[in-house]
Amino acid sequence: MSEIPKILAGTVAVVTGASRGIGKGIALELGAAGATVYVTGRTVTAGPLPGTVSATAAEIDELGGTGIAVVCDHRDDAAVEKLFAQVRAEQGRLDVLVNNVYDAPGSARWIGRKFWEVPPKAWDAGFDIGVRSHYVASVFAAPLIIESQGLIVSVSSPGAVRQMHNAVYGVGKAAVDRLTAEMAHDLEGTGATAVSIWPGIVNTELLQMVPPDTDGRRLVTLPGEGTFDLDAAETPRFPGRAVVALAADPNRLARTGKAWKVADLAEDYGFTDLDGRVPRAD
């Protein structure tokens, strides 16, 4: 495979929740493009799901970037504030913040449930890690992002505008997109950009645990949503390429305040997934 152009050399990024999944894919693509990437998360020892912050940072190094692992519980405001103080002290700048941290395994257990079947604790978990955590990281990152006229990307979902999974999931994603719009409003005049991105069905480590059926197909059925072939899903690197394209776009400010499908960004910017496809879940 030919070497990826280092179009983000000199760029400093923070990707939250990057031990695995979409966050890891984004962190790897930023690193492959030459960025210094701070990888945050709580996982220091691989469990039932593979991946740690240190392993992601090491893969970034192998791809030609600089990976820096920071163990951070994004429910701890002081720890998040310390993270961005560390970035300022070590780098003196921050160009990209990716708000991705999310309790996907915890959320998955409630897929397809009616709202009265989803306990209030699931609301608290979904909003603490997935909405509030995005707000807190953005608050502490904002001075650095404004100084660099940088980019805040929040990972969201089409569930923000249509029924997906359950009420808690949809309301949470709508909140993320509204947060993006509000941040863009407040950042007006600074040159900084805030957007949400909507990946499709992503073949994360969690979904890779789905075994093949007797025909060798890895299918997952989401109640009320349909059956999806996971072998046709996008890789976690695909949304990462969207973030790289946005970070490298001198005209990205025209996109601020809005949510963008990763597949649409692929068509606009001309990138593909690892296998050369532009996967679409819709």
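A salt bridge is a side-chain nitrogen of Lys or Arg within 4 Å of a carboxyl oxygen of Asp or Glu. The model on screen is predicted, and by this rule it has 13 salt bridges. The tour visits some of them, then moves to helices and strands.

**Stop 1: Asp-95 and Arg-93**

Select Asp-95 and Arg-93. They form a salt bridge, and the closest N and O atoms are 2.4 Å apart. Side chains of opposite charge can pair when their charged atoms come close. Is Asp-95 buried or exposed? Asp-95 is buried, because its relative accessible area is 10% and the cut-off for buried is under 20%. Arg-93 has a relative accessibility of 36% and counts as partly exposed.

**Stop 2: Thr-11**

Leaving aside residues up to four places away in sequence, Thr-11 touches Ala-35, Thr-36, Asp-95 and Val-96. Thr-11 lies in the segment before β1 (12-15). With a relative accessible area of 14%, Thr-11 is buried.

**Stop 3: strand β1**

Now show β2 (36-41). β1 and β2 run parallel and are joined by 4 bridges. Which residue of β2 stands opposite Val-14? It is Tyr-38.

**Stop 4: helix α2**

Select helix α2, residues 53-62, and colour its buried residues: Val-53, Thr-56, Ala-57 and Ile-60. They cover an arc of only 100° around the axis, so they are on the same side of α2. An α-helix has 3.6 residues a turn, so residues three or four places apart point the same way. What do the buried residues of α2 pack against? They pack against α1, β2 and β3 (66-71). Step past the end of the helix to Gly-64, which follows α2 and has a positive phi, near 105°.

**Stop 5: Asp-73 and Arg-75**

Select Asp-73 and Arg-75. This salt bridge has its closest N and O atoms 2.9 Å apart. Asp-73 is partly exposed, with a relative accessible area of 25%. Arg-75 is also partly exposed, at 48% relative accessibility.

**Stop 6: Glu-29 and Arg-237**

Select Glu-29 and Arg-237. The closest N and O atoms of this salt bridge are 2.6 Å apart. The pair links distant parts of the chain: Glu-29 is in helix α1 (residues 21-32) and Arg-237 in helix α7 (residues 237-248), 208 residues apart. Glu-29 is buried, with a relative accessible area of 4%. Arg-237 is buried as well, at 15%.

**Stop 7: helix α5**

Show helix α5, residues 120-148. This helix has 29 residues and reaches 40 Å from its first C-alpha to its last, close to the 42 Å expected at 1.5 Å a residue. Where does α5 bend? The bend is at Ala-141 and amounts to about 50°. Just after α5 comes Gln-149, with a positive phi of about 50°.

**Stop 8: Thr-180**

Select Tyr-135 and Thr-180. They are 45 residues apart in sequence, and their C-alpha atoms are 9.4 Å apart in space. Thr-180 is in helix α6 (residues 167-187). Its relative accessible area is 1%, so Thr-180 is buried. To see what surrounds it, show the residues that Thr-180 touches beyond four places in sequence: Ser-154, Ala-194, Val-195, Ser-196, Gly-257 and Lys-258.

**Stop 9**

Finish with strands β7 (residues 219-222) and β8 (residues 226-229). The two run antiparallel and are joined by 4 bridges. In one of the pairings, Thr-221 has Thr-227 of β8 as its bridge partner. Which residues form the covered face of β7? Val-220 and Leu-222 do, whereas Leu-219 and Thr-221 form the uncovered face. Between the strands of the hairpin there are 3 residues, and Gly-224 takes a positive phi near 80°.

Note on methods:
Residues are numbered from 1 along each chain as its sequence is written. This is a predicted model: local features need pLDDT of at least 70, side-chain atom pairs count only at pLDDT 80 or more; totals for chains, interfaces and linings use all residues. Side-chain values use heavy atoms; hydrogens and water are left out. Buried means under 20% relative accessible area, exposed over 50%, partly exposed in between (1.4 Å probe, protein chains only). Contact means heavy atoms within 4.5 Å. The arc is that of the directions from the helix axis to the C-beta atoms. The expected span of a helix is 1.5 Å times one less than its number of residues. The bend at a residue is the angle between axes fitted to the seven residues ending there and the seven starting there. Two strands pair if DSSP finds at least two bridges between them.
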